[in-house]
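User: I am new to this structure and would like to go through it by question and answer. Please show it first.

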Amino acid sequence: MKLKVFLVFLFENILLFSLAQNPKIPFQKFQKTEINPVLSADSAFVFDCPMKGEPVKWQKADVFNPAAVVKDGKIMVLFRAEDNPKAHLGGRTSRIGLAESTDGVNFKKYPTPVLFPAKDGFEQWDAPGGCEDPRVVKTKEGLFVMAYTSWNYDTPRLSIAFSKDLLKWEKQGPAFQKAYDGKFKNMASKSGSIVTRKEGNEYAAAKINGKYWMYWGELGVNLAWSDNLIDWYPELDESGNLKYVITTRKGMFDSNLTECGPPAIITQEGITLIYNGKNHDKPEMASNELPTGTYSVGYVVFDINDMLTVKKRSEKPFLKPSLPHEVTGQYKAGTTFSEGLVFYKNKWYLYYGTADSFVGLAVTK
């Protein structure tokens with residue numbers, strides 16, 4: 001009995017020590033950088049498209065919605081780039097590019113995209129719309145895992161890819177194609193935020209109760225688990241339908257959408273998920289503190305012992321459109337859409353898309 005009590009005491013104190021090493025994120029201290037945007041479109045970059053069989057100016061139209069991760073002492077940003085500025089919204093091809101920085105602000109882009117539609121057996125998911133909106137985590141073993149949207153102009157699907165160096169990616173296909181005998185294989189899905197925790201000086205994909213976990217979704221946020229980071233199983237209710245952990249709120253900044261942002265992080269408070277809220281297009285449903293249709297950024301904290309239970313949720317966004325390039329471009333209603341968060345040189349760097357046209361940055365002081 002004494003040994004059992006001692007082991008329980010030891011486990012509880014190890015857990016408390018572990019959580020103490022994961023400080024909470026100071027959301028109210030984020031400030032946009034003077035150099036902003038930090039990435040934009042550039043028609044000088046040309047890529048031989050394997051689908052079209054011809055050179056393409058792959059980031060001629062827009063550069064936005066970035067993931068971020070630290071590698072070899074540098075911030076690496078993986079951004080979504082669109083090729084054709086004359087095409088209608090959603091009628092272009094997206095590819096994912098890579099850029100690196102030693103200060104988090106000034107970036108050097110790699111010449112060609114690192115993830116794109118190709119004749120590789122995954123074109124049924126990825127073409128012609130492309131590969132969109134990445135979120136990236138690293139495992140303790142050093143493998144990079146990307147959750148991105150495959151867009152075939154029919155159904156957007158949350159897909160997975162692996163890489164050892166961020167340059168060469170191995171696609172794994174839609175995240176939910178095997179779950180529950182394919183029940184959600186052809187359902188629209190987006191925005192996968194894999195849960196991470198601090199491992200030494202880095203953040204890595206975390207196992208809780210022996211499994212990996214991911215918050216995902218845009219119309220409401222759902223939770224899914226995986227044994228291998230490839231095949232994901234959404235949480236379901238008693239009727240076999242998706243079980244939402246948060247949904248939209250009438251009259252608030254997230255009255256129209258609640259879309260997952262960067263990978264979730266285990267902190268002292270619990271599991272912290274930054275998410276993107278869209279204000280409703282109908283004034284009677286929307287917040288009167290933001291223009292209708294505006295995308296802004298909030299957060300929610302879940303109980304680490306019950307990942308479906310909300311402990312805290314922001315009443316107002318901590319990041320919203322305020323700069324000229326955040327209210328112009330493809331989406332003029334105003335957009336700050338976060339997807340990349342890294343802890344670098346004792347500061348948090350939050351990378352976000354602006355008006356579906358640029359990459360912006362906010363940093364904690």
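This is a predicted model: local features need pLDDT of at least 70, side-chain atom pairs count only at pLDDT 80 or more; totals for chains, interfaces and linings use all residues.

User: How many helices and strands does the chain have?

Analyst: Helices (H or I, at least four residues) and strands (E, at least two) are DSSP runs, numbered from the N terminus. On that basis the secondary structure of the chain comes to 2 helices and 27 strands.

User: What radius of gyration does the chain have, against that of a compact globule?

Analyst: The radius is taken over C-alpha atoms, and the globule rule is 2.2 Å times the number of residues to the power 0.38. The C-alpha trace spans about 75 × 45 × 45 Å along its principal axes. For 365 residues the rule gives a value near 21 Å, and the chain agrees with it, at 20 Å.

User: What percentage of the residues of the chain count as buried?

Analyst: Buried means under 20% relative accessible area, exposed means over 50%, and partly exposed lies in between (1.4 Å probe, protein chains only). Of the 365 residues, the share that counts as buried is 57%.

User: Among contacts between residues at least 6 apart in sequence, what percentage join residues at least 24 apart?

Analyst: A contact here means heavy atoms within 4.5 Å. Among the contacts between residues at least 6 apart in sequence, the share joining residues at least 24 apart is 56%.

User: Which residues lie nearest the centre of the largest pocket?

Analyst: On a 1 Å grid over the protein atoms alone, a pocket is an open set of points with protein on both sides within 12 Å along at least five of seven lines, whereas a cavity is a set where a 1.4 Å probe fits but cannot get out; lining residues have an atom within 4 Å of a point. Grid points are joined across faces, edges and corners, and a volume is the space filled by probe spheres set on the points. The largest pocket has a volume of about 510 Å³, and β4, β5, β8 and β20 each supply at least two residues of its lining. Of its 24 lining residues, those nearest the centre are R80, E132, D133, K190 and D356.

User: How many nonpolar, polar and charged residues are in the lining of the second largest pocket?

Analyst: Ala, Val, Leu, Ile, Met, Phe, Trp, Tyr, Cys and Pro count as nonpolar, Asp, Glu, Lys and Arg as charged, and the others, Gly among them, as polar. The second largest pocket has a volume of about 290 Å³, and V69, V70, Y203, L341 and V342 lie nearest its centre. For the largest pocket the lining has 8 nonpolar, 6 polar and 10 charged residues. For the second largest pocket the classes come to 13 nonpolar, 2 polar and 2 charged.

User: Which strand gives the most to the lining of the largest cavity?

Analyst: The search of the whole structure finds 1 cavity of 30 Å³ or more. Its lining is made up of I25, P262, P263, I265, T272, L273, I274 and L341, with 7 nonpolar, 1 polar and no charged residues. The strand that gives the most, with 3 residues, is β22.

User: Where does the proline of the cis peptide bond from N36 to P37 lie?

Analyst: The bond from N36 to P37 is cis, with omega near 10°. Another cis peptide bond joins A127 and P128, with omega about 5°, and P128 lies in the loop between α2 and β8. P37 lies in the loop between β1 and β2.

User: Is D72, with its positive phi, buried or exposed?

Analyst: Phi is near 45° in N65, a residue of strand β4 that is buried at 4% relative accessible area. In D72 phi is near 55°, and this residue is found in the loop between β4 and β5. With a relative accessibility of 66%, D72 counts as exposed.

Methods
Residues are numbered from 1 along each chain as its sequence is written. Side-chain values use heavy atoms; hydrogens and water are left out.
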